[in-house]
Amino acid sequence: MIGLPVLYALAGLVFGSWAVATLLDRQHGKRLAGAAFWALLAAEFLAGDALGNMGNGLLLLALVALALLGAPGKGQPATSSASDRSASTAAHGNRLFLPALIMPAVALGGTFLFPHLGQLVDPKQVTLVGLGLGALIAVAVLMLWLRPPPSAAVQEGRRLAEGVGWAMILPQMLASLGALFAVAGVGNIVGALAPLAIPEGSRLAAVLVFTGGMAIFTIMMGNAFAAFPVMMGGIGLPVLVLGLGGNPVVVGAVGMLAGFCGTLLSPMAANFNIVPAALLNLPDRYAVIRAQWPTAVLLWLFNTAMIWGFAFR
Amino acid sequence: MTSVPSLWPLIGIAIVVIGFALRANPLAVVVAAAFGSGLGAGLSIPEVVAAMGKAFHQNRYVSVPWLALPVIGLMERAGLQEQAAALIARTKAATSSRILLIYLGFRQITAALGLTQIAGHAQTVRPLLAPMVEAAAARDKPDISDDERNQVKAMAAATDNVGIFFGEDIFLAIASILLIKGFLESAGIFVQPFDLSVWAIPTALAAFAVHGTRLWRLKP
């Protein structure tokens, strides 16, 4: 069955290819640290099962140490010149947009097709398998159509990865921090403390503490999914639904959306806020959050008003 | 009144807030916060390292989308960004406001249909959307500064986020809807995913109105 293990092996090979390319890049300012960074990441994906929890933890600490020393750094991956690219756009024109449709099309087709292929694809991982298959097909089509040097798939991927830099591992690190917070019982403590902030008998104050708690706890955790059970268990269910007779559907559904407003404001939501700033070469790490905050605040007010106005009718 | 639990595990959250406020390297902040909360909860140092390692290993799926980078890089090598910019530069009607408004609607509608993976920061924003809005802004304001270029690019990423966040919850089988349903079920309250997703529609419309108004007022 094709599932996560195949994707992890594929990702491990990609990271490993960047390690080799970095090692061979004589112009690279952080050649050894950069190569070690990609090699460790490749080892995590190819052999992490055999390392054990302690081994994986030490590997993670080594990755962070290398990142603090400047890894992965920036080298000189072979790429096209400005004149190469203008010649290419003159030759291919708008057909250059077609390969951009391959990955979405395969992801879309896979979502509908994979469940009909019996046990071939893990039904829980249809989306990610579609993404991986789409990437393989797209690379194959681009290599056959445009005939770049054979190493181009490795070098072009490394060029973008070096642009993102250490933020490459930040989303996975933050997911691990969320797990550690759960082990330490952070959510239970916040859930026990939050009701103390509500004055007796005030419906509006209770709604504000609930939606405010969803937003603030989401900002701190970077993920509304981590905040929801805590705030819903601490305030939403006992105070708003059971205490004040609120509609659980409205409180739950709109409460989650109040949390999403927090995601728009959180540097901890690295996938959405920090990685894009790196992908777009923005000098300000928080530029995307700066662009989002007015929308986030206004929508948080809207969601708070929705619960206040519609959950108690 | 139940007793207030020990507050020491919260030290990790304090470290996160201070670390990000000081703009320390986020990877170092995460490690420090993990040790703060772990030690605060009474774990030993080896136990914290092992718990981090276990979670890092289990969360590898978070990094799988990086498989798209070689594809994007190969397309850029062939001049995709330049072609996107050239197309917009000669299409006068395509202002940066209009491009972002259309993208916002497209992202909300497709996310509401469950098609969250057909676009994203690596797949569409970097190779297509950002070069397009930057080209439109530069065409309509020839003396545009670097700061202004960066602002429209940041707004492109922001628009992708707003579109997906406030579209996806209309789809019945998305993770957040299933989480709400599961949580309420464990408390003995049975609700239908459809009822939950209906209540995502007002906020989706508000998101289009609020963010759309901001995009409309965007100066090139």
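Is B:Arg23 buried or exposed, and how many other C-beta atoms lie within 10 Å? B:Arg23 is exposed, with 11 other C-beta atoms within 10 Å, where a residue counts as buried if 20 or more other C-beta atoms, placed from the backbone, lie within 10 Å of its own, as exposed if 12 or fewer do, and as partly exposed in between. The model is a predicted one, in which local features need pLDDT of at least 70 and side-chain atom pairs count only at pLDDT 80 or more, whereas totals for chains, interfaces and linings use all residues. Residues are numbered from 1 along each chain as its sequence is written, and chains are lettered from A and ligands numbered from 1 in the order in which they are written.

B:Arg23 is placed in the loop that joins helix H1 (11-21) to helix H2 (26-40) of chain B, helices being DSSP runs (H or I, at least four residues) numbered from the N terminus. Although B:Arg23 is not a glycine, its phi is positive, at about 60°. In chain A, A:Arg147 is likewise not a glycine and has a positive phi of about 50°; it is found in the loop between helix H5 (126-146) and helix H6 (152-164), and is exposed, with 9 other C-beta atoms within 10 Å. The loop between helix H2 (31-68) and helix H3 (82-92) of chain A holds A:Pro72, and the peptide bond leading from A:Ala71 to A:Pro72 is cis, with omega near 0°.

Between the chains, 111 residues of chain A are in contact with 99 residues of chain B, contact meaning that the C-beta atoms of two residues, placed from the backbone, lie within 7 Å. On the chain B side, these residues comprise 69 nonpolar, 21 polar and nine charged, with Ala, Val, Leu, Ile, Met, Phe, Trp, Tyr, Cys and Pro taken as nonpolar, Asp, Glu, Lys and Arg as charged, and the others, Gly among them, as polar.

Within chain B, the axes of helix H6 (residues 96-112) and helix H7 (residues 121-140) come within 8 Å and cross at roughly 155°, so that H6(B) is roughly antiparallel to H7(B), a description applied to angles over 145 degrees. This contact involves B:Ser96, B:Ile99, B:Leu100 and B:Tyr103 of H6(B), together with B:Leu129, B:Met132, B:Val133, B:Ala136 and B:Ala137 of H7(B). Leaving aside neighbours within four places in sequence, B:Val133 is in contact with B:Ser96, B:Ile99, B:Leu100, B:Val152 and B:Ala156.

Key
Axes fitted to C-alpha atoms, helices over the stretch in contact; angles between N-to-C directions. Helix = DSSP H or I, 4+ residues; strand = E, 2+ residues; numbered from the N terminus. Parallel < 35°, antiparallel > 145°, perpendicular 65-115°, else oblique.
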